[in-house]
Amino acid sequence: MRKLLLAGVAALAIAAPALQAANAEEIKQGGSMVVTYKDDVATLDPAIGYDWQNWSMIKSLFDGLMSYEPGTATLKNALAETYTISEDGQIFTFTLRKGVKFHNGREMTADDVKYSLDRVTNPETQSPGAGFFGSIKGFDKMADGSAKTLEGVTVVDPYTIKFELSRPDATFLHVMALNFSSIVPKEEVEKWGADFGKHPVGSGAFKLAEWTLGQKLVFERNKDYWEPGLPKLDQITFEVGQEPVVALLRLQNGEVDIAGDGIPPAKFLEVKNDPNYAKLIVEGGQLHTGYLTMKTTMKPFDDVKVRQAVNMAINKDRIIRIINGRAVPATQPLPPSMPGYAKDFAGYKFDVDGAKALLADAGYPDGFDTELYVYNTDPNPRIAQAIQQDLAAVGIKAEIKSLAQANVIAAGGEPDQAPMVWSGGMAWIADFPDPSNFYGPILGCAGAVKGGWNWSYYCNKDLDARATAADSITNPAKAGEREEAWRSIYLDIMKDAPWVPVFNEQRFTIRSERLGGPDAIFVDPVHIPVNYDQVYAKDVQ
């Protein structure tokens, strides 16, 4: 998600409890809620959208073959009623639910599944998630443009779809639960073309009723939804252009139900210590890492010594103080609760003199000039200023480019722009709880493409091969072997230092008293940040 999901805003709850009605109260259908965000939504196209803000919106508009139990990272069937896996782990056959309708009224079939997977892996779509499908037979030919359809995806009949993999893939069912695997109707995509992301049509619990750019989006309940009892609400209004401090005040006044950008850091202690609002705060752990990228395709960051020097120049403890201590220093790309995390790896220590020496060795005794891109919502500009000061102490003069999230993401995806990016507000949160998810999209060669999320453009073919081998270990009895393989991959990445891992953050958000549901759906592990389908209103008569 990350999904970026992305620092101080999105969350992943680990081992969340099963969804239950709070206090066993009766949950009634109906009602509405208001959610605020500072920035407008870039797109609602599931093949393209990949930030914390639109991730849960897209999940409410579209469905895939697989999904997750509410509030958990436990897989369940979605549009697939059943599935089978061959003994060698390379053929997955899904039987689809009958009678599932798109928002335009047409029934979904296996042809739509085939079309959607061909679309997301077609380079012309420029999907940042294309690399997730690398284990499907024929993916390489799709990626290099020599094929227009995935050889390994076959329509058996209108309600049966078969996937043939080129290798065993321990993550494949998780991939089928990603937004990128959402099923879309061909006729609507062709009707709207590049504007499909502004006119989304899926089979999800909600459908888009209105989008006034720069002002609001309105979702309304899909009365024909295939899953009984969902969604709970009749309507959700997403108001954009709302400064987080103003959104919090409006929530306290009863005008807003969820402050989508989270609790502003400057107000955090005040809200936490107020008994009227402390009970409305929701806290969740998350598989999150906030990091600083260095574009390895641009000088001087093509020199590993320069990148190692930057790692040594950053005072992570000072940055964590800026966010009221709501994090721990990061030493590596993986967060501490992720399998494969190297507990005995200390990372690069804060060492100004050591950083200066490395820069001198690299031919930059007086430092150099560069640019640092940052998402313009607090606390990220303040964090960027702290990074700027740390870099200045070793001779690196970084000009801060503080921009809207969509503009930072776009610049990061270019090979010759955004030499440095602070990921805060966009930092990586696992799409699913597996170490491979912190590699492919943001550190692997597949993500080092125009429009991708590998903003360092780091590409190590040897590590790509080792990552593929690690994900081919599908036997649960060899889980330890697979975990150790990923551990060694990330330790070798740290030798190349394409990032500065800065911190692993906790998520704190706040909701109004009129909303019902367990905390797990407000810091849902996959509907980042909120499982909108499961939220209900307490005041429905």
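Begin by selecting R326 together with F268: in this predicted model, R326 lies over the face of F268, at 4.5 Å from the ring centre.

Next, turn to the aromatic rings, which form 24 aromatic pairs in the structure. Colour strand β17 (residues 420-422), which contains W422, and strand β19 (residues 499-505), which contains F503; the two residues are 81 apart in sequence, so the pair ties together separate parts of the chain. W422 counts as buried because its relative accessibility is 0%, and F503 is likewise buried, with a relative accessible area of 0%.

Then select Y50, W55, F132, F180, W428, F432, W453 and W455, which together form one aromatic cluster.

From there, move to the largest nonpolar core, which has 110 residues, and pick out L65, F94, F133, F163 and M176, the members that touch the most others within that core. Centre the view on L65 and, leaving aside its neighbours within four places in sequence, display its contacts, which are N77, A78, L79, A80, F94, L96, V113, I161, F163 and M176. Finally, select A309, A355, F368 and V394, which are among the 37 residues of another core, lying apart from the largest one. In soluble globular proteins, nonpolar side chains tend to be buried together.

How values were computed. Residues numbered from 1 in each chain as written. Predicted model: local features only at pLDDT ≥ 70, side-chain atom pairs only at ≥ 80, totals over all residues. Heavy atoms only, no water. Phe/Tyr/Trp six-rings, centres within 6.5 Å; stacked < 30°, edge-to-face > 60°. Helix = DSSP H or I, 4+ residues; strand = E, 2+ residues; numbered from the N terminus. Buried < 20%, exposed > 50% of the residue type's maximum accessible area, 1.4 Å probe, protein only. Lys NZ or Arg CZ within 6 Å of the ring centre and 35° of its normal. Core = buried A, V, L, I, M, F, W, Y, C linked by side-chain atoms within 4.5 Å. Contact = heavy atoms within 4.5 Å.
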